[in-house]
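Q: I am new to this structure and would like a close look at one part of it. Please take me through that part step by step.

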Amino acid sequence: MDELKEVLITTDDIRTDEYLINMGPQHPSTHGVLRLLVQLEGEIVHNVQPHIGYIHSGIEKMTESLSYPQIGHLTDRMDYLSAHQNNEAVALCVENALQVEVPERVKYIRTIMSELSRLASHQLWWCVMGMDMGALTTFFYGLRDREDILDIFEETCGARLTVNYSIPGGLMFDIHPDFQRDVKAFIKKFRTKLPEYDRLLSGNVIFTERTKGVGILSKEDAIAYGVTGPTGRASGFACDLRKHRPYSAYDKVTFNEILSDVGDTYARYQVRMAEMWESMNIIEQLIDNIPEGDYAVKMKGVVKLPEGEFYQRVETARGEFGVFIVSDGKKNPYRVKFRSPGFSNLFAINHIAKGWKIADLVAIMSTFDLVIPDIDR
Amino acid sequence: MAFNIYDFTTLTKSIHEGLSSQFSPTATLAIEWTIVGLAYLLFVALFGLFLVYAERKVCAAFQQRMGPMRVGPWGLLQTIADFIKLLMKELITPKNADKFLYNLAPFIVIIVSFLVISVIPFAPGLVTFDFDIGILFVTAVSSVGVIGILLAGWSSNNKYSLIGAMRSGAQIVSYELSVGLSLIAMIILAGTMQISGIVEGQREMWFIFKGHIPAVIAFIVFIIAGTAETNRGPFDLAEAESELTAGFHTEYSGIKFAFFFLAEYINLFIVAAMATTVFLGGWMPLHFGDFEGFNQIMDLMPGLFWFFFKVLGVIFLMMWFKWTFPRLRVDQILNLEWKYLLPINLFNILLMAAVVLFGLHF
């Protein structure tokens with residue numbers, strides 16, 4: 001109880017020259033319904049306490065009354081920018097539990113869709129980062145380019161954002177006949193646009209002054225807090241699951257794991273920009289070589305997992321997303337726990353934002369790339 | 001009434017003579033003041049509307065979209081609709097706000113803008129006050145604007161407004177130094193502080209060309225400091241949406257917010273107008289010394305059009321970098337002023353003095 005009292009900020013233990021402000025939950029442009037209670041002295045941040053739960057929808061509880069193929073549908077809505085990667089995680093978990101082998105075609109398509117989803121997520125991250133920094137034009141440039149990916153998703157999966165495409169056993173539908181043509185056209189176009197992003201923001205002296213050296217997360221802290229994804233890799237923590245624990249078709253492609261040893265805001269920014277290039281390389285290696293075959297394996301009508309615990313992790317745009325299913329042999333899971341990357345990343349912010357100013361806190365928050373429904377579930 | 005667009009003194013003289021023949025001198029003066037006041041109100045209102053519309057269209061063009069298109073042809077009536085909406089809004093005063101100061105703040109800000117406009121020459125003969133210390137008047141009066149901002153932030157009884165007002169106050173007070181010093185460099189070149197004298201002195205060549213290196217440096221510093229003065233562009237941290245909602249004018253609604261909003265755009269006009277008057281020749285057409293034929297062609301366009309052409313050019317430049325660059329942090333803004341712009345300015349003044357003394361200008 002004493003430890004709890006230490007952690008909770010009340011007005012009793014505020015010194016008189018500090019004050020508390022709330023950033024959120026309602027705010028014109030933060031990343032969702034997150035409340036940050038910031039303890040400030042003038043402009044300097046002394047403590048940041050995130051309060052989450054404003055968008056808690058009880059997803060993990062809901063899964064207890066759904067069948068296994070239906071769980072995938074809910075995972076779209078958690079980290080909605082990495083919707084396909086979440087679907088893939090559940091599908092892989094159930095397939096591994098049932099020891100079902102999916103055709104090669106499915107693996108290739110899943111990897112391509114995951115990489116497209118990563119690209120779309122990083123594009124949105126870039127445009128919101130620029131907007132948070134004050135360069136409001138970047139918002140429109142990023143969204144303009146993202147439209148092509150969303151059109152591809154809509155053609156093949158039927159939805160732009162909540163794709164619900166990978167299910168246990170394979171895919172919901174086969175890819176659209178225009179899929180390969182559209183993806184190749186998009187890659188060709190985006191390769192010319194990405195240098196434009198660099199010209200607009202990365203080289204800008206105002207931007208570099210605001211991000212270099214700001215909010216350094218050391219490698220030990222990243223490992224201790226469990227910060228994964230581009231945020232962790234920017235601190236030197238080699239945590240790319242696509243490299244270290246490959247799944248789907250990732251062992252068939254060659255790509256670099258982008259690491260940086262600086263760990264400041266600029267490093268996190270650069271890691272994500274470089275990851276966009278790598279994603280395009282991965283897609284290009286796969287798009288022409290999709291093997292023929294079925295797009296799904298016929299599963300039983302009622303899917304029942306054997307008793308036990310099963311875990312599957314994938315690398316989403318934000319970090320390591322894990323699905324932990326506890327099954328008691330019935331057709332609904334006993335318990336499903338989602339390990340969300342945002343949840344672990346968020347709580348490292350307090351540690352690294354101490355001593356910086358409010359504007360730096362905004363910069364740090366936007367490079368952590370948090371999606372709040374992912375944290376709250 | 002004689003109306004010569006090339007020289008408004010004919011118009012003003014004929015109005016004055018017409019009135020003084022009808023009324024007593026005091027009545028004439030009173031009527032003239034009323035006419036001038038109404039003319040300024042009309043100008044501020046119309047130009048403010050135009051600038052808001054222009055900003056939205058220019059910003060949309062940079063962002064590859066269209067901007068207002070539905071209200072009126074090409075969205076021209078959009079700003080009018082916005083202002084009617086603002087006028088109809090409920091005026092909410094926050095609880096525990098200091099009522100007198102809360103209501104006073106927007107008026108201070110808008111009155112200061114009006115005062116500064118009154119000394120700017122729009123065309124030959126179209127100027128209200130022509131002091132022999134015109135430039136000093138401009139810098140002095142625009143300094144009063146910061147009081148309005150600080151009062152707004154303090155009296156709103158709101159933490160965010162207070163933070164915004166403090167940041168803004170520090171920023172404006174610092175950058176006034178740069179504005180004043182870069183104007184001093186040009187006064188050295190012009191030899192007079194009287195604004196009409198400065199414009200006349202650019203009959204041969206605009207000061208930015210005449211003073212070559214020091215004038216260009218002063219121009220760049222003036223534009224940077226001028227944008228910081230108006231809380232615009234990369235220096236708009238007082239109203240940073242992603243951080244503090246709306247800064248010092250968070251708690252204002254309706255007509256009071258309209259005053260702050262209008263004052264911001266009129267300040268933009270003022271900075272651009274001072275830049276054109278002192279650096280780019282004011283209403284003086286582009287002349288180059290001895291090229292008589294060229295000068296005469298340039299004279300075909302009346303001074304009023306030259307003035308607005310230049311002002312709109314500078315305004316476009318300022319809008320351009322507002323929508324491109326990210327925002328600076330407050331300590332970086334102050335750093336920029338005290339560690340970089342101020343020494344550059346002081347050095348530039350020395351340079352300009354040397355240029356004038358040794359006759360090294362064109």
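This is a predicted model: local features need pLDDT of at least 70, side-chain atom pairs count only at pLDDT 80 or more; totals for chains, interfaces and linings use all residues.

How many residues of chain B are in contact with chain A, and how many of chain A with chain B?

A: Start where the chains touch. On one side are 22 residues of chain B, and they are in contact with 26 residues of chain A.

Now step back to chain B as a whole. The domain assignment gives domain 1 (1–67) and domain 2 (99–357). Their C-alpha centres lie 20 Å apart. The two domains of chain B also touch: 17 residues of domain 1 are in contact with 19 residues of domain 2. On the domain 1 side, helix H1 (9–22) and helix H2 (25–62) of chain B each supply at least two residues. H2(B) gives the largest share of that side, with eleven residues. By class, the domain 1 side has twelve nonpolar residues, three polar and two charged.

Next, look at a pair of helices in chain B. Two packed helices are described by the angle between their axes and the distance between the axes. Helix H4 (residues 99–117) and helix H11 (residues 254–278) of chain B pack at an angle of about 30 degrees. Their axes are 9 Å apart. Angles under 35 degrees count as roughly parallel, so H4(B) and H11(B) are roughly parallel to each other. The crossing of H4(B) and H11(B) is left-handed.

Which residues meet there? H4(B) brings Pro106(B), Val109(B), Ile110(B), Ser113(B), Val116(B) and Ile117(B). From H11(B) come Lys256(B), Phe259(B), Phe260(B), Leu262(B), Ala263(B), Ile266(B), Asn267(B) and Ile270(B). The contact of H4(B) with H11(B) divides into eleven nonpolar residues, two polar and one charged.

Cross over to chain A. Chain A is divided into domain 1 (2–51) and domain 2 (59–376). The C-alpha centres of these two domains of chain A lie 30 Å apart. Between them, 14 residues of domain 1 are in contact with 18 residues of domain 2. Strand S3 (residues 44–51) of chain A supplies the largest share of the domain 1 side, seven residues. That side of domain 1 of chain A holds seven nonpolar residues, six polar and one charged.

Finish with a sheet in chain A. Three strands form an open sheet in the order S6-S7-S8, and the pairing is antiparallel. Strand S6 (308–315) and strand S8 (335–339) of chain A stand at the edges, each with a single partner strand, so one side of each has no neighbour in the sheet. Neighbouring strands of this sheet are turned by 15 degrees against each other on average, direction ignored. Strand S7 (residues 320–327) of chain A pairs with S8(A) over five bridges, in the antiparallel sense. Ile325(A) has Val336(A) as its bridge partner in S8(A). Helix H4 (residues 83–98) of chain A lies across S6 and S7 of chain A, and runs at about 145 degrees to S6(A).

Terms used:
Residues are numbered from 1 along each chain as its sequence is written. Chains are lettered from A and ligands numbered from 1 in the order in which they are written. Domain bounds come from an automatic or database domain assignment. Two residues are in contact if their C-beta atoms, placed from the backbone, lie within 7 Å. Helices (H or I, at least four residues) and strands (E, at least two) are DSSP runs, numbered from the N terminus. Ala, Val, Leu, Ile, Met, Phe, Trp, Tyr, Cys and Pro count as nonpolar, Asp, Glu, Lys and Arg as charged, and the others, Gly among them, as polar. Axes are lines fitted to C-alpha atoms, for helices over the stretch in contact, and angles run from 0 to 180 degrees between N-to-C directions. Angles under 35 degrees count as roughly parallel, over 145 as roughly antiparallel, 65 to 115 as roughly perpendicular and the rest as oblique. A crossing is left-handed if the near helix is turned anticlockwise from the far one by less than a right angle, and right-handed if clockwise. Two strands pair if DSSP finds at least two bridges between them.
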